[in-house]
Amino acid sequence: MILEAPMLDFIEFFEEVEDPRANNSLHDLVEVLFIALLATLSGATSCSDMAEFGRVKERLLRTVLDLKHGTPSHDTFSRVFRLIPPKPFEKAFARFMKAFGEGLAKTRGTPNVIAIDGKALKGAYETGLSHSPRMIVEAWGAQTRMVLASVAAPDRDETQAAQELLDLVQLKGAIVTGDALHCNRAMVDKIVENGGDYVLALKANQSALYPDAVALIDAKGGRMPRAKTQEYGHGRKETRAAVVVPAEALGVKHSFPGLAAVARVVSRRGKDDPVTRYFICSKPYAPDELIKIVRTHWTIENGLHWVLDVVLDEDQARNRKDNGPENLAIIKRLALNVARAHPDQKTPMRRKLRHAGWDEAYLFELLAHVR
């Protein structure tokens with residue numbers, strides 16, 4: 001049975017997640033999690049959907065699972081996800097992806113960027129606190145177009161969560177990118193310590209480094225090589241111009257580990273006003289390479305966040321209690337990763353998941369590429 005191999009892999013990485021329920025619980029924890037993954041891979045967006053998937057696919061599930069007490073109910077799925085501590089679950093997910101990702105084909109021509117960015121779980125808020133939903137911070141592997149690791153932001157503190165992420169992923173040979181929130185000494189120190197490079201957005205929140213970087217580019221940028229790109233799409237032209245200036249002295253002056261260069265990218269869409277952005281870099285990248293790196297960072301928005309909201313209804317999910325929102329978010333990201341491992345890269349994700357729900361043979365195909 002094709003399901004057996006993925007199930008064994010899943011058990012290997014997730015059996016270390018301790019079952020928080022009482023010893024007399026009816027349903028095995030790993031079986032519950034595996035059913036949740038298959039259901040999400042088939043388009044399920046809630047615990048109710050997972051329970052329905054289990055009932056409909058019980059015959060299939062019994063080929064690899066014991067299901068001593070039948071398939072789990074909605075309440076069982078909900079209780080499991082509410083009670084599992086997020087940290088062990090996050091680590092299991094990262095271990096799984098590290099092993100899973102080693103054999104995946106990389107997208108040619110895409111820089112080895114690990115984009116760090118946060119996403120609000122907009123429906124996951126306590127009554128009367130819609131302005132402060134839960135936050136998830138993710139490490140997105142641009143070459144494989146997959147989530148490498150995902151961490152809940154404690155008290156919406158994205159900077160702390162981002163630094164935790166860096167200990168869960170392999171940074172050697174990768175370029176870590178992030179917005180200005182992540183441009184801080186602790187972040188760059190962690191990246192350099194773990195063997196990575198970085199290109200991080202720089203804004204005035206770095207009140208000392210920012211004006212010095214702007215002044216250096218204004219003074220020396222005119223004598224440095226430049227790169228310019230033009231693209232046409234959605235009925236408009238978009239141009240980008242970049243310059244990179246060596247700046248090791250600024251790294252020493254402001255105690256930013258590994259800082260080797262500062263950069264400026266000026267972009268313009270159609271007739272809109274130009275937008276100027278500044279970056280700090282651990283290497284003096286060629287200007288055309290810098291443009292690729294900066295652009296690649298934003299694949300996390302349309303390659304992950306958009307898909308989560310449009311295909312898996314993450315913004316509409318109303319799981320609010322305990323650890324439920326964070327743990328269900330991990331299952332959704334794992335399901336998208338599995339679907340993306342399939343060689344068919346042209347079929348839209350929504351259609352892939354629907355096809356998996358309709359056709360068990362296709363579901364087997366998706367799972368066959370997990371190994």
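Strand 2 (residues 134-141) pairs with strand 3 in the antiparallel sense, over six bridges; two strands count as paired if DSSP finds at least two bridges between them. Within this pairing, Glu 138 has Ser 150 in strand 3 as its bridge partner. The model is predicted: local features need pLDDT of at least 70 and side-chain atom pairs pLDDT 80 or more, while totals for chains, interfaces and linings use all residues. Residues are numbered from 1 along each chain as its sequence is written, and side-chain values use heavy atoms, without hydrogens and water.

Both strands belong to an open sheet of nine strands with mixed pairing, in the order 3-2-1-4-5-9-8-7-6. Strand 3 (146-152) and strand 6 (226-233) are at the edges with a single partner strand each, so one side of each lacks a neighbour in the sheet. From one strand to the next the twist averages 25°.

Helix 11 (residues 287-297) packs on this sheet, and its direction makes about 120° with that of strand 7. Contact here means heavy atoms within 4.5 Å. Among the strands that helix 11 touches are these:

| Strand | Residues |
|---|---|
| Strand 1 | 113-121 |
| Strand 4 | 175-178 |
| Strand 5 | 197-202 |
| Strand 7 | 236-246 |
| Strand 8 | 261-269 |
| Strand 9 | 275-281 |

Elsewhere, helix 3 (residues 47-56) packs against helix 5 (residues 74-83) at about 130°, with the axes 8 Å apart. Cys 47, Ser 48, Met 50 and Ala 51 of helix 3 meet His 74, Phe 77, Ser 78 and Phe 81 of helix 5.

In helix 15 (residues 360-368), the buried residues include Tyr 362, Phe 364 and Leu 366, buried meaning under 20% relative accessible area (1.4 Å probe, protein chains only).

Note on methods:
Buried < 20%, exposed > 50% of the residue type's maximum accessible area, 1.4 Å probe, protein only. Helix = DSSP H or I, 4+ residues; strand = E, 2+ residues; numbered from the N terminus. Axes fitted to C-alpha atoms, helices over the stretch in contact; angles between N-to-C directions.
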